[in-house]
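Biologist: I've got this model open on my screen and I'd like to know where the labels come from. Can you take me through them?

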Amino acid sequence: MTTLQSRPAPPTAIRPRVVARTGLYALLAANAVVVAVLFTDAGFGSNALILVGRLAGLYGALVMAFQLLLVARLPWLDRRIGMDRLTSWHRWTGFAVLWTLLAHLVFITFGYAQLSSLDPVDQLVDLAETTEGVLRAIVAFALIVVVGAVSARWARRRLAYETWHFIHLYTYLAVLLAFSHQVAAGTTFTASTAARAYWYTVWGTALGAVLVGRLVLPLWRNLRHRLRVTAVVAESDTVVSVYVTGRDLDRLPAAAGQFFLWRFLTPGRWWQANPFSLSAAPDGRQLRLTVKTAGEGTAALRRIEPGTRVFAEGPYGAFTTLHRTRPDSLLIAGGVGITPIRALLEDIEGHAVLLYRVTAERDAVLYEELSELAAAKGAQLHLVTGPADPGLLAPRELARLVPDIGDRDVFVCGPPGMTAAVLRSLRDMGVPKRQIHFERFSLAG
């Protein structure tokens with residue numbers, strides 16, 4: 001077999017994810033410096049507790065704005081980092097918001113209590129009653145605590161997505177209340193024209209990004225493309241493919257491996273958004289999604305009539321060929337995780353090996369399609385069957401099936417347990433992290 005060293009790496013080896021991640025870090029660091037400079041220039045009094053509290057509040061506001069940017073679903077960021085990673089960062093910055101705002105509340109309250117000789121509780125009540133904007137800040141903090149509590153893993157597992165999402169929307173109310181508090185009581189707003197301009201720019205950019213990415217862009221794309229269902233095809237007893245067409249689909253910036261949040265506009269489903277991957281590479285004429293009908297909501301897809309209008313948000317995801325670093329690839333799929341892998345196999349260049357992990361051969365969705373596609377592209381297709389057993393995709397077995405695995409990009413998509421086991425095997429085999437690509441779908445944020 002020809003080795004990698006005889007062929008140049010593709011142009012996408014510039015690692016767009018690293019560029020985007022570094023840019024976000026640099027943006028946050030630069031703004032942290034600006035906040036510190038503006039705080040120093042403001043020349044706040046001499047009480048140390050109040051100084052620390054105000055600085056904590058400013059950094060809490062900055063991180064809150066940054067948190068909005070992470071979940072704005074801006075296409076440039078999403079294609080390079082992926083919604084799953086952006087959502088994870090959003091969650092961790094949420095903890096930073098909670099602790100910085102708690103520090104702001106505690107230090108400010110105790111600082112003013114030192115000056116007034118009131119106890120901290122009475123001092124907080126006094127500030128809420130006499131200082132404009134403080135009561136709004138307390139309400140904002142309470143909302144953030146509630147949202148943080150229901151976002152904890154133990155609570156998130158017990159709530160329906162729609163319930164959790166409705167509660168999570170109160171974050172935006174908390175943001176508006178926090179901003180109004182900063183305008184009313186924030187000394188930085190009165191310190192200088194430059195400080196006011198800076199904070200209006202920060203909040204305007206963050207809120208504007210959310211408005212554009214999550215409302216304006218989806219509305220514009222759906223008005224432009226006017227998506228509708230053309231066919232519903234049963235692939236097996238538990239799997240169905242839905243074909244969608246529309247206007248000017250050749251101008252929809254979708255790529256193999258990406259997914260949409262699909263809303264089928266029928267009386268019982270219009271309010272439900274489900275993340276389903278494209279199961280075929282976009283061809284400019286139609287889109288296809290293939291879904292395992294595991295629950296009541298997905299089972300209803302079988303009954304969707306051709307002609308049904310569709311509202312689709314996206315495309316989303318960084319699980320694409322944009323991140324390739326090697327000419328050849330290994331695609332590893334488990335169960336219905338084959339859908340984005342099948343689209344990637346159609347789109348990917350260079351030699352490809354596909355490992356398809358299922359319990360039994362009858363569970364191999366789209367297997368006939370995959371066989372024909374693999375033959376046409378000169379790819380190798382291995383169907384790995386058997387009950388749940390990490391050994392079937394352990395390092396020794398992967399090395400047997402794909403001897404040159406270290407010279408390939410590896411794309412992994414499947415159930416969480418299988419994905420985690422494969423990632424451990426790849427690490428144990430010394431496959432470089434930059435060559436490993438995976439994505440976890442998430443609607444959080």
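This is a predicted model: local features need pLDDT of at least 70, side-chain atom pairs count only at pLDDT 80 or more; totals for chains, interfaces and linings use all residues.

Biologist: What makes Glu 369 and Arg 288 a salt bridge?

Modeller: Their side chains come to 2.8 Å, N to O. The cut-off is 4 Å, so the pair counts. Glu 369 sits in helix α14 (residues 367-377) and Arg 288 in strand β5 (residues 286-292), so the pair ties together parts that are 81 residues apart in sequence. Helices (H or I, at least four residues) and strands (E, at least two) are DSSP runs, numbered from the N terminus.

Biologist: Why is Arg 288 called buried?

Modeller: Buried means under 20% relative accessible area, exposed over 50%, and partly exposed in between (1.4 Å probe, protein chains only). Arg 288 has 5%, so it counts as buried.

Biologist: Which residues does the network of salt bridges join?

Modeller: Arg 408 and Asp 404 form a salt bridge, their closest N and O atoms 2.9 Å apart. Shared partners join Arg 288, Arg 342, Glu 346 and Glu 369 into one network. The count of salt bridges comes to nine.

Biologist: How do you know that Arg 408 is buried?

Modeller: Its relative accessible area is 0%, so the label is buried. Asp 404, at 17%, counts as buried too.

Biologist: What makes Arg 85 and Asp 84 a salt bridge?

Modeller: The N to O distance is 3.8 Å, and the rule asks for within 4 Å, so they qualify. Arg 85 has 18% relative accessible area, so it is buried; Asp 84 has 12%, so it is buried as well.

Biologist: How do you know that the length of α4 agrees with its number of residues?

Modeller: The expected span of a helix is 1.5 Å times one less than its number of residues. For the 34 residues of α4 that should be 50 Å, and the end C-alpha atoms are 48 Å apart, which agrees. After α4 comes Ser 117, with a positive phi near 70 degrees.

Biologist: Why is Ser 88 called partly exposed?

Modeller: Ser 88, in helix α4 (residues 83-116), has 33% relative accessibility, so it falls in the partly exposed range.

Biologist: What makes the nonpolar surface patch?

Modeller: Patches are made of residues with over 30% relative accessible area and no salt bridge: like charges are joined within 9 Å, nonpolar side chains (Val, Leu, Ile, Met, Phe, Trp, Tyr) within 5 Å. Here Trp 92, Phe 95, Trp 99, Leu 102, Val 106 and Phe 110 make a patch of about 620 Å². Leu 102, in helix α4, has 31%, so it is partly exposed.

Biologist: Which residues form the positive patch?

Modeller: Arg 226, Arg 228, Arg 247 and Arg 309. Arg 247 lies in the loop between β2 (239-245) and β3 (259-264), and its 44% makes it partly exposed.

Conventions:
Residues are numbered from 1 along each chain as its sequence is written. Side-chain values use heavy atoms; hydrogens and water are left out. Accessible areas come from the Shrake-Rupley method with a 1.4 Å probe; for residues, only the protein chains shown count as cover. Lys and Arg count as positive and Asp and Glu as negative; His and the chain ends are not counted. The place of a charge is taken as NZ of Lys, CZ of Arg, CG of Asp or CD of Glu.
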